[in-house]
Amino acid sequence: MSQRIPVIEGLFAERSDGPRLIGSRCTTCATPYFPKSPVCHNPGCDQSKMEDAAFGPTGVLFSFAVQNYPPPPPAKYDEPYRPYAVGMVDLPEGLRVLGRIATDDFSQLRGGLPVHLIVDRMYHDSEGNEVVTWQFRPAPVLAQADDRRMKP
Ligand SMILES: [Zn+2]
């Protein structure tokens with residue numbers, strides 16, 4: 001029976017309150033790390049004290065690129081290949097994280113676009129398992145409450 005398995009263990013979690021990236025934070029200087037770091041790399045920090053931390057689920061797209069052709073190994077994807085976007089996302093916790101951008105409408109992508117962390121399929125492995133990873137989905141555009149007042 002096919003299963004849903006993470007592409008790498010320990011990088012993200014699907015919690016009851018939604019997905020989170022799993023990293024760490026220095027309790028001395030508050031520097032966040034993703035993935036986890038065993039020590040603090042802040043040169044201005046005089047006492048490295050690390051604790052686990054969870055990041056997300058909201059972020060803002062900083063930049064992106066569209067992978068228009070199949071990437072070389074070891075990248076894996078389902079056939080037939082479908083172009084996908086990869087973006088750098090700023091998290092409010094002070095991290096800039098690389099991830100797939102879950103949309104087929106690349107024309108809507110721009111810097112400053114609000115996004116939400118999700119966990120979704122990357123590809124199927126040879127046993128038919130769904131291999132999942134963290135991704136960012138453009139946040140729904142909220143309807144402008146005052147649209148009617150703008151009309152003549
Ligand atoms: Zn530190």
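My entries follow, from the overall layout down to single residues.

**Ground rules.** I am working with a predicted model, where local features need pLDDT of at least 70, side-chain atom pairs count only at pLDDT 80 or more, and totals for chains, interfaces and linings use all residues. Residues are numbered from 1 along each chain as its sequence is written.

**Layout.** I counted 1 helix and 10 strands in the protein; helices (H or I, at least four residues) and strands (E, at least two) are DSSP runs, numbered from the N terminus. Reading from the N terminus, I get β-β-β-β-β-β-β-β-β-β-α. Along the principal axes, the C-alpha atoms fill a box of roughly 60 × 50 × 30 Å.

My cut-offs: buried is 20 or more other C-beta atoms within 10 Å of the residue's own, exposed is 12 or fewer, and partly exposed is in between, with C-beta atoms placed from the backbone. For contacts, the C-beta atoms, placed from the backbone, must lie within 7 Å. Of the contacts with a separation of 6 or more, 52% come from residues 24 or more positions apart.

**Strand pairing.** Two strands pair if DSSP finds at least two bridges between them. I followed strand 10 (residues 130-138) and found strand 1 (residues 4-6) parallel to it over 3 bridges, with isoleucine 5 bridged to valine 131. Strand 8 (residues 96-101) also pairs with strand 10 in the parallel sense, over 2 bridges; here arginine 100 has glutamine 135 as its partner. Strand 9 (residues 114-124) runs antiparallel to strand 10 and is joined to it by 9 bridges. One of the bridge pairs I noted is valine 119 with tryptophan 134. The hairpin of strand 9 and strand 10 has 5 residues between the strands, and glycine 128 there takes a positive phi near 85 degrees.

**Core.** Which residues touch the most other members of the largest nonpolar core? They are Leu21 and Val89, in a core of 18 residues. Strands 5, 6, 7, 8, 9 and 10 are the elements that give two or more residues to this core, and strand 9 gives the most, with 3 residues. By definition, such a core is a set of buried Ala, Val, Leu, Ile, Met, Phe, Trp, Tyr and Cys residues joined through C-beta atoms within 7 Å. I jotted down a general reminder: in soluble globular proteins, nonpolar side chains tend to be buried together. Leaving out residues up to four places away in sequence, valine 89 touches Gly59, Val60, Leu61, Phe62, Val97, Gly99, Val115 and Phe136.

**Phenylalanine 64.** Beyond four places in sequence, phenylalanine 64 touches Ala85, Val86, Gly87, Ile101 and Leu109.

I found a cis peptide bond between phenylalanine 34 and proline 35, with omega about -5 degrees; proline 35 sits in the loop between strand 4 (32-33) and strand 5 (50-55). The bond from glutamate 79 to proline 80 is also cis, with omega near -5 degrees, and proline 80 lies in the loop between strand 6 and strand 7 (84-90). Alanine 30 is not a glycine, yet has a positive phi of about 70 degrees. I placed alanine 30 in the loop between strand 3 (18-26) and strand 4. Alanine 30 is partly exposed, as 13 other C-beta atoms lie within 10 Å.

Technical notes: Contact = placed C-beta atoms within 7 Å.
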